[in-house]
Amino acid sequence: MRRATIRVVIPVVRWPKYRCLSQVTDGVPQFSSAQERPANTSTKSGDDQYDVVIVGGGMVGAAVGCGLASFALTRSLRVAIVDGNPATKEKYNKTSDAVPDSRVSAITPATVRFLKDVGAWENIQGSQHAPFDAMQVWDYSGLGYTRYQAADVGEDVLGYVVENNLLISSLASALERTGFAEMICPAKVQGVQFPAKTSSSSARNLFENLSERAQSHIGASTCLREQKNVGQTSPDAFALNDDWAQVLLEGGRLLRTRLVVGADGGRSRVRDMAGLDTRGWDYNQHALICTVRVGYHHSTAWQRFLPTGPLALLPVGEDLSNIVWSTTPEKAKELKAMSKEDFVTAVNRALTEDFGPLPSSHMGGPFNSKWLTPLFGEMPPSVSEPFIPPPPVTACLSDRLSFPLSLRHATKYVSNRVALVGDAAHTVHPLAGQGVNLGFGDAATLVETLREGIKTGEDIGELALLEKYEKERLWANLPMMAVLDGFQRVFGTDFPPLNIGVSWAFEKKEFSFAMGS
């Protein structure tokens, strides 16, 4: 007698480990606008639940929000942005003849591509901004210079100088149009509690390796390891045994979230409360910034290296330029106390006369010889062009502001349910204006990491996923920080021949970074 074989087929349903707070039907997220999402709900009285809480609504924090709103997968997340400023920030509505604010950023083509992707560039393009298509750097000795043009790589521009207010306003407007994130503003974070940490050594080993190489390259003898003590919030304010992060606001509101994004600047409270150390050093320099009028319209970023630090003149539209003068704290104080007329005289002397003459010849001779190619690479066509003196400054149009300069880098960008972006993770010398571009790079990479995590069913706050973001950004940020710091130190030496060769290498590295390569 034959035995009957009975086959039982059990359908296998693969449930993702992670589901966002929006509705999920048949494994496909059902997207909704902020207005359609349910009101704040909680498993505990007074708690609000989110997938992501971004602390800091400045340029980089808003960029993270815009990035999350730009993809179908991340658009399903429930996101809040907490900021100390009012939610209804003043819109940028300056007329074309208004004096630009002195706080500006030189954004690269890579950053422009990101801003286009998240819908913020259109507003910038319709407002006051200034493209630049050339860069010229020279040393106070007058022995040589380097010059770059966008045409060297077949591009129209090297970047754009944009007011910080315009960048923030454009990102906020793009976010507002999507109706994506809940703005909790003005609000101050009183405390943040994170669940127990897990560990993974891959990103740690990468940081230690790159950090040691960077420090040996720049010869940093005053590296400081910092861990700040932050006022403790009473444990009674938080829910116990919670595997989510909890953000306590002044006034008692408690936000529960899968992920906290620290975008709250160089003095980040999120970083401190997560127990993430920083290392770095002070330059004993202050940067003085202001808006000036020059003798003619130009589209070149000029930079002269003086013994006390670099002096940059950036185009901001028509016959207007922005001054970024890095110098000693004493000199910065002296420059701020001058009359506007005396300040104009001091700027013109520093650009053309002080410490030595302007270069009077081509970059030719020994500095264009083939034996330098192995050291600094191929010279671009514009190297053979003559030195062009910067336009004379004719008037100071704004207040002169100054701030101290330092380098700081978080030893870890991430921990369990927290990720740092922008100045919360790293601050650099404004030598090449790359600080905000590094921050936008952080935002773009974090958004892409979260998107990939959702696609593969991962919890967006898990350390293993966040370390993928950290590893990619360490590879991008640490080398650039080492380059900027190294050149700052080299130009602090009084050996002009070395400065000339290094200025070429510096411009080449910065040029490559600006073009996104």
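This is a predicted model: local features need pLDDT of at least 70, side-chain atom pairs count only at pLDDT 80 or more; totals for chains, interfaces and linings use all residues.
The chain has 517 residues, and 54% of them count as buried. There are 13 helices and 23 strands. Among contacts with a separation of 6 or more, 81% are between residues 24 or more positions apart.

I will start with helix H1. It covers residues 59–68, and 10 of its 10 residues are buried. The buried residues run from Met 59, Val 60 and Gly 61 through Ala 62, Ala 63, Val 64 and Gly 65 to Cys 66, Gly 67 and Leu 68.

One partner of H1 is helix H5. Two packed helices are described by the angle between their axes and the distance between the axes. For H1 and H5 the angle is about 25° and the axes are 9 Å apart. Angles under 35 degrees count as roughly parallel, so H1 is roughly parallel to H5. The crossing of this pair is left-handed. On the H1 side, the contact is made by Met 59, Ala 62, Ala 63, Gly 65 and Cys 66. On the H5 side, the residues are Asn 164, Leu 167, Ile 168, Leu 171, Ala 174 and Leu 175. By class, the H1–H5 contact has nine nonpolar residues, two polar ones and no charged ones. As for the spacing of such positions, an α-helix has 3.6 residues a turn, so residues three or four places apart point the same way.

Staying with H5, look at Ser 170. This serine lies within H5, which spans residues 164–178. Is Ser 170 buried or exposed? Its relative accessibility is 1%, so Ser 170 counts as buried, the cut-off being under 20%. What does Ser 170 touch, leaving aside its neighbours within four places in sequence? The contacts are Ala 120, Asn 123 and Ile 124. Ala 120 is 50 residues away from Ser 170 along the chain, yet their C-alpha atoms are separated by 5.3 Å.

H3 is residues 109–117 and H11 is residues 435–455. Their axes come within 10 Å and cross at roughly 45°. That angle makes H3 oblique to H11. The crossing of H3 and H11 is left-handed. H3 contributes Thr 111, Phe 114 and Leu 115 to the contact, and H11 contributes Asn 437, Phe 440, Ala 443 and Ala 444. Sorted by class, the contact of H3 with H11 has five nonpolar and two polar residues, with no charged residues.

H11 itself has 21 residues. From its first C-alpha to its last, H11 reaches 31 Å, close to the 30 Å expected at 1.5 Å a residue. The helix is mostly covered, with 15 of its 21 residues buried. H11 is followed by Gly 457, which has a positive phi near 80°.

The peptide bond from Cys 185 to Pro 186 is cis, and omega is near -10°. Pro 186 sits in the loop between strand E10, residues 182–184, and strand E11, residues 189–193.

Which value does phi take at Glu 318? It is near 50°, a positive value in a residue other than glycine. Glu 318 is in the loop between strand E17, residues 309–317, and strand E18, residues 320–327. Glu 318 has a relative accessible area of 59%, and the cut-off for exposed is over 50%, so this residue is exposed.

Arg 417 is not a glycine either, and its phi is positive, about 70°. The loop that holds Arg 417 lies between strand E21, residues 414–415, and strand E22, residues 418–420. Here the relative accessible area is 6%, so Arg 417 is buried.

Last, Asp 264. This residue is in the loop between strand E14, residues 254–262, and helix H7, residues 269–273. At 23% relative accessibility, Asp 264 counts as partly exposed. Not counting residues up to four places away in sequence, Asp 264 touches Val 55, Gly 56, Arg 269, Val 270 and Ala 424. Asp 264 and Ala 425 are 161 residues apart along the chain, and their C-alpha atoms are separated by 9.7 Å.

Methods:
Residues are numbered from 1 along each chain as its sequence is written. Side-chain values use heavy atoms; hydrogens and water are left out. Helices (H or I, at least four residues) and strands (E, at least two) are DSSP runs, numbered from the N terminus. Buried means under 20% relative accessible area, exposed over 50%, partly exposed in between (1.4 Å probe, protein chains only). Contact means heavy atoms within 4.5 Å. Axes are lines fitted to C-alpha atoms, for helices over the stretch in contact, and angles run from 0 to 180 degrees between N-to-C directions. Angles under 35 degrees count as roughly parallel, over 145 as roughly antiparallel, 65 to 115 as roughly perpendicular and the rest as oblique. A crossing is left-handed if the near helix is turned anticlockwise from the far one by less than a right angle, and right-handed if clockwise. Ala, Val, Leu, Ile, Met, Phe, Trp, Tyr, Cys and Pro count as nonpolar, Asp, Glu, Lys and Arg as charged, and the others, Gly among them, as polar. The expected span of a helix is 1.5 Å times one less than its number of residues.
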